[in-house]
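I opened my notebook to look up a few things in this structure. I will take them one entry at a time.

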Amino acid sequence: MCWRVMWRPGPEWVAKLTCLLRLRRIVGWALAQQRSYGGAKAQPTIPIRCFLFLLCLLSLPLFATPSQPRYESLLKELRCLVCQNQDLLESHAALASDLKQQVAKLMTEGKTDEEIRRYLVQRYGEFILFKPLIKPTTWVLWFGPGAFLLLGLSGLSIWVIRSR
Amino acid sequence: MVKLPTTKKSKVRDLIKLLPLGFFIGLVFFLWRGLSLDPHALPSSLIDKPLPAFDIPLLDEAGQLKSNTLRGKFRLLNIWASWCDSCTEEQPFLMKLAYSGIPITGINYKDEPIHAQTWLKTWGNPYQAIGVDETGRLALELGVYGTPETFLVSPDGKLIYRHAGVMTAAIWEKEFLPRIKEEKR
């Protein structure tokens, strides 16, 4: 698959940065070659211009191709609907492999993680996300623990102050 | 004047003592309700939304099954496969429904056409038309997560209800019939 070609260890932005740095070194080398032939003020010749243009074209997939880490971290957030406590990355169910293919396809089409999540939620419902969305019906779920902690702490502090 | 606040305070203290009991009762209620909930019963997110547009080949003959032709009547959209055992289980009831005049459209999900045709010969064919979804692409659009699944489609092409699992007379009467009656009003 496409994302294997661009795969580098580490997070995605590190991979893209190293690719870009390599690209910059090649361009620098090409310009240095040019200068050594025609002096410091020389304009790039046509072959070198073509070479640079080709490099720019080749670097385009750098921004469009999804990388392995991105693919895996997105799949880890998605629930397999057949074996419900497994994520899509681990699951080997037939439906999971269909969904994985679809996610890979949407990534190569240049869709963002958010767009892919929305695509899946539209079809399979919010249940497919392991992390529930933050909205009025899930406020208790998201903020309840914090609220209870505050309640307990304030109760405790009142009790401590009074017993002094 | 001086004594009133203290009586109020003691009342408040009594209430505070009851708080943990209240929390406990609330917790027991939610846990008890959780016992009778089925985590596998997922509501479809397409309910009350139009049927996704599709154009897939027919199983028996040349031609296409198009989503915009599934209109004018209440109709069932049944996703099935010959390799799916529970599909065989619901087949007799689907035959009964078809005889009583309910139009049923089949979508053959990730199946070999030859296997599907033999299956239809063995168990009977309740479908008015059968579309072939060989890759499961349409099933993905419909949010199908396991066969059999049965959608109720309204005359104006909206998805009203989805039942995942074997279709039975009890489910038909409890979930499908009331919805048809309600929509007709």
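Leaving aside its neighbours within four places in sequence, which residues is B:Thr105 in contact with? I looked them up and wrote down B:Leu65, B:Leu70, B:Arg75, B:Leu76, B:Leu77, B:Asn78, B:Tyr127 and B:Ala129. I also noted that the model is a predicted one.

**Entry: B:Thr105**

I placed B:Thr105 in strand β5 of chain B, which covers residues 104-109. Is B:Thr105 buried or exposed? Its relative accessibility is 1%, so I wrote it down as buried, since the cut-off for buried is under 20%. I then checked its side chain. A polar contact of 3.4 Å joins it to the side chain of B:Arg75. B:Arg75 is also one of the residues on the contact list above.

**Entry: where the chains meet**

Next I turned to chain B and chain A. I found 18 residues of chain B in contact with 18 residues of chain A. The area buried between the two chains is about 1,400 Å². Carbon and sulfur atoms give 48% of that area. Which three residues of chain B supply more of its buried area than any other three? They are B:Leu42, B:Leu140 and B:Tyr145, with 35% of what chain B buries against chain A.

I looked up the polar side too. Eight residue pairs are in polar contact between chain B and chain A, both residues being at pLDDT 80 or more. The count of salt bridges between these chains is two. I noted that B:Lys110 forms a salt bridge with A:Asp98, with the closest N and O atoms 2.6 Å apart.

Which elements of chain B give two or more residues to the side that touches chain A? I found α1 (3-35) and α4 (137-142). The largest share, five residues, comes from α4(B). By class, I listed ten nonpolar, four polar and four charged residues on this side of chain B.

**Entry: chain A**

I counted eight helices and zero strands in chain A. Of its 164 residues, 30% are buried. For contacts with a separation of 6 or more, 54% join residues 24 or more positions apart.

I picked out helix α5 of chain A, residues 68-76. Its buried residues include A:Gln68, A:Arg70, A:Tyr71, A:Leu74 and A:Leu75. Why are they on the same side of α5(A)? They cover an arc of only 165 degrees around the axis, which puts them there. An α-helix has 3.6 residues a turn, so residues three or four places apart point the same way.

**Entry: salt bridges**

My search of the whole structure gave twelve salt bridges over all chains. In one of them, A:Asp113 meets A:Arg70 at 2.6 Å, N to O. A:Asp113 lies in helix α7 (residues 113-124) and A:Arg70 in helix α5, so the pair ties together parts of chain A that are 43 residues apart in sequence. A:Arg70 counts as buried, at 15% relative accessibility.

I compared that with A:Glu126 and A:Lys135, whose salt bridge has its closest N and O atoms 3.1 Å apart. A:Glu126 is partly exposed at 32%, and A:Lys135 is partly exposed at 30%.

Notes: Residues are numbered from 1 along each chain as its sequence is written. Chains are lettered from A and ligands numbered from 1 in the order in which they are written. This is a predicted model: local features need pLDDT of at least 70, side-chain atom pairs count only at pLDDT 80 or more; totals for chains, interfaces and linings use all residues. Side-chain values use heavy atoms; hydrogens and water are left out. Helices (H or I, at least four residues) and strands (E, at least two) are DSSP runs, numbered from the N terminus. Buried means under 20% relative accessible area, exposed over 50%, partly exposed in between (1.4 Å probe, protein chains only). A polar contact is a pair of N or O atoms within 3.5 Å; within protein, one must be able to donate a hydrogen and the other to accept it, and residues adjacent in sequence count only if both atoms are side-chain atoms. Contact means heavy atoms within 4.5 Å. Buried area is the accessible area (1.4 Å probe) that two parts lose on being put together, summed over both. A salt bridge is a side-chain nitrogen of Lys or Arg within 4 Å of a carboxyl oxygen of Asp or Glu. Ala, Val, Leu, Ile, Met, Phe, Trp, Tyr, Cys and Pro count as nonpolar, Asp, Glu, Lys and Arg as charged, and the others, Gly among them, as polar. The arc is that of the directions from the helix axis to the C-beta atoms.
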